[in-house]
Amino acid sequence: MCFVPGMQTLGAANDVYEFVKSIGRFKETKRTDGISTSDIIKRILKDYNQYIMRNLTWGYSRKDLGVSYVKEKQLRVNMGITKLKEKVKEHQEKFHSAAKIAGKQSCGVYGEY
């Protein structure tokens with residue numbers, strides 16, 4: 001376990017890493033300006049669902065990833081909804097393009113109104 005100095009107490013409590021230190025598994029590290037472990041964890045959690053879905057798509061099982069049955073189904077439903085939205089948008093864009101072309105062609109045949 002690595003840790004930044006000066007942050008190992010909680011209120012009036014003793015050193016929260018006392019046990020880890022006593023078994024020789026503690027390494028004190030220096031803080032790096034501009035890098036926040038809280039920000040890194042936040043980014044990991046934010047992209048967690050994408051990570052799980054990508055790995056499920058690649059063939060990993062939910063058990064391999066430590067994901068519950070319900071969570072897997074929730075992610076798969078959400079992925080299906082996202083794909084459906086993309087298809088609808090794609091079809092709308094094709095329709096609008098075709099309608100523009102048809103409108104221009106009809107003006108050429110029937111004249112402008």
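The legends below describe close-up views of a predicted model.

Residues are numbered from 1 along each chain as its sequence is written. Local features of this predicted model need pLDDT of at least 70, side-chain atom pairs count only at pLDDT 80 or more, totals for chains, interfaces and linings use all residues, and side-chain values use heavy atoms, with hydrogens and water left out.

**View 1. Confidence along the protein.** The pLDDT, the predictor's confidence in each residue from 0 to 100, averages 82 over the protein, and 81% of the residues score at least 70. Strand β1 (residues 2–3) has the lowest confidence, with a mean of 57, whereas helix α4 (residues 62–65) has the highest, at 93. Helices (H or I, at least four residues) and strands (E, at least two) are DSSP runs, numbered from the N terminus.

**View 2. The largest nonpolar core.** A nonpolar core is a set of buried Ala, Val, Leu, Ile, Met, Phe, Trp, Tyr and Cys residues joined through side-chain atoms within 4.5 Å. Here the largest one consists of 6 residues: I52, M53, L56, L65, V67 and L75. Helix α3 (residues 48–57) contributes the most to this core, with 3 residues.

View 3. E72 belongs to helix α5 (residues 69–110) and is buried, with a relative accessible area of 10%; buried means under 20%, exposed over 50%, and partly exposed in between (1.4 Å probe, protein chains only). Leaving aside residues up to four places away in sequence, E72 touches L56, R62 and V67, where contact means heavy atoms within 4.5 Å. The side chain of E72 also meets that of R76 in a salt bridge (3.0 Å, N to O), defined as a side-chain nitrogen of Lys or Arg within 4 Å of a carboxyl oxygen of Asp or Glu. R76 is partly exposed, at 34% relative accessible area.

**View 4. Salt bridges within helices.** By this rule, the count is 5 salt bridges. In one of them, K42 pairs with D39, the closest N and O atoms being 3.6 Å apart. Both residues lie in helix α2, 3 residues apart, about one turn of the helix; K42 is exposed at 54% relative accessibility, and D39 is partly exposed at 40%. In helix α5, K94 and E90 are 4 residues apart, and their side chains meet in a salt bridge (3.6 Å, N to O). Salt bridges that share partners join R62, E72 and R76 into one network.
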